[in-house]
Amino acid sequence: PRRSQKHRDFVAEPMGEKPVGTLAGIGDVLGRKLEEKGFDKAYVVLGQFLVLRKDEELFREWLKETCGANAKQSRDCSGCLREWCDAFL
């Protein structure tokens with residue numbers, strides 16, 4: 001599948017303190033909703049992905065419940081995190 005520039009930028013380097021909005025699939029609106037729930041950094045969302053044992057279905061369900069992400073947004077975000085994990089963990 002084609003990857004967005006945002007996705008490619010994210011998986012190209014360690015995430016450090018990147019804000020949650022740098023994740024593929026997470027724009028301003030979803031980013032704000034996640035921040036309000038304490039998920040202000042990309043690594044905090046990564047933590048949730050890892051707690052769910054990198055299960056993309058569970059993670060996408062969590063994202064939908066937590067910030068209202070639609071199917072494409074949650075797919076983009078989980079794919080981005082999976083690829084980052086493959087590269088850095």
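This is a predicted model: local features need pLDDT of at least 70, side-chain atom pairs count only at pLDDT 80 or more; totals for chains, interfaces and linings use all residues.
1. A second case of positive phi occurs after α2, where G38 follows the helix with a value near 95°.

2. Helix α2 spans residues 28-36, and its buried residues include L30, G31 and L34. Viewed down the axis of α2, the buried residues fall within an arc of 100°, so they line one face of the helix. D28 and E36 lie on the other side of α2 and are exposed. The cover over the buried residues of α2 includes α4 (56-67) and α5 (71-88).

3. Helix α3 can be described in the same terms. A42, V45, L46, Q48 and F49 are buried in α3. Around the axis they cover an arc of only 155°, which puts them on the same side of α3. The elements they pack against are α1, α4 and α5.

4. How are α3 and α5 arranged, in angle and in distance between axes? Helix α3, residues 42-51, packs with α5 at an angle of about 85°, and the two axes are 11 Å apart. Since angles of 65 to 115 degrees count as roughly perpendicular, α3 is roughly perpendicular to α5. On the α3 side the contact is made by V45, L46, F49 and L50, and on the α5 side by S78, L81, R82, W84 and C85. Sorted by class, this contact has seven nonpolar residues, one polar and one charged.

5. S78 deserves a separate entry. S78 sits in helix α5. Is S78 buried or exposed? The relative accessibility of S78 is 0%, so S78 counts as buried; the cut-off for buried is under 20%. With neighbours within four places in sequence left aside, the residues in contact with S78 are F49, E56, F59 and R60. One of these, F49, is also among the buried residues of α3, and both F49 and S78 take part in the contact of α3 with α5.

6. How many disulfides does a search of the whole structure find? The search finds zero. C80 is in no disulfide, and the nearest cysteine sulfur to that of C80 belongs to C77, 6.4 Å away. C85 is likewise in no disulfide, with the sulfur of C80 as the nearest cysteine sulfur, at 9.7 Å. The cut-off for a disulfide is a pair of cysteine sulfur atoms within 2.5 Å. As for accessibility, C80 is at 0% and therefore counts as buried, while C85 has a relative accessible area of 1% and is buried. C85 is also one of the α5 residues in the contact with α3.

7. The last point concerns the segment before α1 (5-11), where S4 is found. S4 has 36% relative accessibility and so counts as partly exposed. From C-alpha to C-alpha, S4 and G16 are 20 Å apart in space, and in sequence they are twelve residues apart.

Terms used
Residues are numbered from 1 along each chain as its sequence is written. Side-chain values use heavy atoms; hydrogens and water are left out. Buried means under 20% relative accessible area, exposed over 50%, partly exposed in between (1.4 Å probe, protein chains only). Helices (H or I, at least four residues) and strands (E, at least two) are DSSP runs, numbered from the N terminus. The arc is that of the directions from the helix axis to the C-beta atoms. Contact means heavy atoms within 4.5 Å. Axes are lines fitted to C-alpha atoms, for helices over the stretch in contact, and angles run from 0 to 180 degrees between N-to-C directions. Angles under 35 degrees count as roughly parallel, over 145 as roughly antiparallel, 65 to 115 as roughly perpendicular and the rest as oblique. Ala, Val, Leu, Ile, Met, Phe, Trp, Tyr, Cys and Pro count as nonpolar, Asp, Glu, Lys and Arg as charged, and the others, Gly among them, as polar.
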